[in-house]
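Please read the following account with the sequence and the coordinates open side by side, and follow each step in the model as it comes.

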Amino acid sequence: MARTNPIKFLQQVRSEVSKVTWPSRNEVLISTVMVIVLVILASLFFLLADQVISWLVSLLLSIR
């Protein structure tokens, strides 16, 4: 493997980073809020599912 000169490497990195389209502040804010809302909804769903499964298991185990 050919070794790359560190200075040339840094120049290439800088060139590639300048090509990146960075999101706007508004896009980041909207995405963050969406992620937080979806995490809360998923948490509530799994809490409800856990409670239902727990109730069913306790119901099945109490019948003898």
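Buried residues account for 0% of the 64 residues in this protein, which is a predicted model. Here a residue counts as buried when its relative accessible area is under 20%. The protein exposes about 6600 Å², and carbon and sulfur atoms supply 71% of that area.

The overall form can be followed alongside these values. The protein has two helices and zero strands. Its radius of gyration is 26 Å, well over the 11 Å that the globule rule gives for 64 residues, and the protein is therefore more spread out than a compact globule. Taken along the principal axes, the box filled by the C-alpha atoms is roughly 75 × 40 × 10 Å. As one example of a separation within the chain, alanine 42 and arginine 3 are 39 residues apart in sequence, and their C-alpha atoms are separated by 48 Å. Alanine 42 belongs to helix α2 and, with a relative accessibility of 34%, counts as partly exposed.

Helix α2 spans residues 25–62, and leucine 47 is found in it. Because its relative accessibility is 48%, leucine 47 counts as partly exposed. Leu47 is also a member of a nonpolar patch on the surface, which it forms together with Leu29, Val33, Ile36, Val37, Leu38, Ile40, Leu41 and Leu44. The accessible area of this patch, taken over its members together, is about 840 Å².

Which aromatic contacts does the model hold? A search of the whole structure finds one aromatic pair. The ring centres of phenylalanine 45 and phenylalanine 46 lie 5.2 Å apart and their planes meet at 70°, so the pair is classed as edge-to-face; the angle that this class requires is over 60 degrees. Both phenylalanine 45 and phenylalanine 46 are exposed.

The charged side chains come last. Side chains of opposite charge can pair when their charged atoms come close. A search of the whole structure finds one salt bridge, and this is formed by glutamate 16 with lysine 19, whose closest N and O atoms are 3.2 Å apart. Glutamate 16 is partly exposed, because its relative accessible area is 47%, whereas lysine 19, with a relative accessible area of 56%, is exposed. The cut-off that separates these two classes is a relative accessible area of 50%.

How values were computed: Residues numbered from 1 in each chain as written. Predicted model: local features only at pLDDT ≥ 70, side-chain atom pairs only at ≥ 80, totals over all residues. Heavy atoms only, no water. Phe/Tyr/Trp six-rings, centres within 6.5 Å; stacked < 30°, edge-to-face > 60°. Buried < 20%, exposed > 50% of the residue type's maximum accessible area, 1.4 Å probe, protein only. Helix = DSSP H or I, 4+ residues; strand = E, 2+ residues; numbered from the N terminus. Rg over C-alpha atoms; globule rule 2.2 N^0.38 Å. Areas by Shrake-Rupley, 256 points an atom, 1.4 Å probe, with all protein chains shown as cover. Patch = residues over 30% accessible without salt bridge, like charges linked within 9 Å, V, L, I, M, F, W, Y side chains within 5 Å. Salt bridge = Lys/Arg side-chain N within 4 Å of Asp/Glu carboxyl O.
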